[in-house]
Amino acid sequence: MARGRASCALRMLLLSAGLQAYMCIRNTVFAPDADPPSTPSPSPQSATSPGGERDAGSQAPLKSRTSKLANAIKRRKATSLDTLPPICGGAFVTSIVMYPADVARAICMSNPGTGAGAALKGFVEAHGLQGFVKQGLVAEVTRASISRAVKFFMQPVVHKSLYGKPQGEGTPVSKGIAGALGTVPEVIFISPLENIKLAAQLDKEGKFKGSVDITKHILKTRGFSGLMTGYAGMQARQFLWTGGFFLTLDTYKDGFASLTSNKLAQDVLSGFAAGATGTAMNCWTDVCRS
């Protein structure tokens with residue numbers, strides 16, 4: 001059980017850091033349900049001759065140029081797809097920064113009684129510092145980017161389909177249910193990458209030369225279904241974490257709004273707290289998955 005508590009603490013750091021990045025970046029794009037800001041109509045200046053007289057011949061080209069400029073800068077209404085770049089960007093950065101914690105988490109969960117310090121020490125002794133780059137990093141960055149993109153893209157889509165209204169108008173319960181159900185395609189996509197990453201992280205003897213070698217080994221020894229090993233545990237993990245996150249996010253936002261008026265701070269703190277809540281709910285499934 002001590003192993004589980006230590007592993008869940010590492011997991012909380014990993015997931016909460018990712019959510020902080022997402023919450024910080026999300027305001028750089030429109031909310032999918034929001035209308036684009038209105039663009040003031042430009043007021044073209046009348047062209048004048050050196051003597052102060054209006055040059056009638058230049059009015060038409062000037063109006064044409066300003067009309068084209070207005071159309072060029074007019075912002076379209078945003079869609080759910082507009083949220084994907086910042087989400088993927090945040091997931092990409094945090095998956096790299098937090099990868100050592102992810103390695104320690106996997107080793108601790110797979111080896112009863114191993115502490116985080118001992119796990120990292122053993123990993124470095126076996127693979128060197130370059131192991132944090134060579135042993136599963138590519139699979140983890142890809143997995144994290146796909147996971148976050150599908151998770152946050154599907155939640156508003158599922159909410160709209162289930163309740164007939166944007167998720168911004170939903171309740172904490174409806175948002176949580178939509179988020180949990182939206183993890184089904186997410187887990188289908190990330191399961192092979194999760195297995196490849198874990199095999200690389202736990203390869204003490206250096207049997208495999210990289211992700212491609214691991215994939216070939218799994219397909220040869222277990223078939224395609226081997227890439228989906230642990231699916232039930234991963235599905236339960238994502239279901240509980242995502243549901244718990246969206247269920248509590250608005251509550252935490254309201255709470256932190258009374259402590260600070262800074263919107264960025266509210267997003268960061270509420271994202272961290274909601275991520276920690278999700279982790280507390282799904283820690284046992286993460287141990288089962290490993």
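**A salt bridge and the helices it links**

Tutor: Asp102 and Lys197 join their side chains in a salt bridge, with 2.9 Å from N to O, where a salt bridge is a side-chain nitrogen of Lys or Arg within 4 Å of a carboxyl oxygen of Asp or Glu. The model is a predicted one, in which local features need pLDDT of at least 70 and side-chain atom pairs count only at pLDDT 80 or more, while totals for chains, interfaces and linings use all residues. Residues are numbered from 1 along each chain as its sequence is written, and side-chain values use heavy atoms, with hydrogens and water left out.

Side chains of opposite charge can pair when their charged atoms come close. Here the pair links distant parts of the chain, since Asp102 lies in helix α4 (residues 99–110) and Lys197 in helix α9 (residues 183–201), 95 residues apart; helices are DSSP runs of H or I with at least four residues, numbered from the N terminus.

Turning to another pair of helices, the axes of α3 (residues 84–97) and α7 come within 8 Å and cross at roughly 145 degrees, the axes being lines fitted to C-alpha atoms over the stretch in contact, with angles from 0 to 180 degrees between N-to-C directions. Their contact (heavy atoms within 4.5 Å) includes Leu84, Ile87 and Phe92 of α3 and Leu137, Val141 and Phe152 of α7.

Technical notes. Helices (H or I, at least four residues) and strands (E, at least two) are DSSP runs, numbered from the N terminus.
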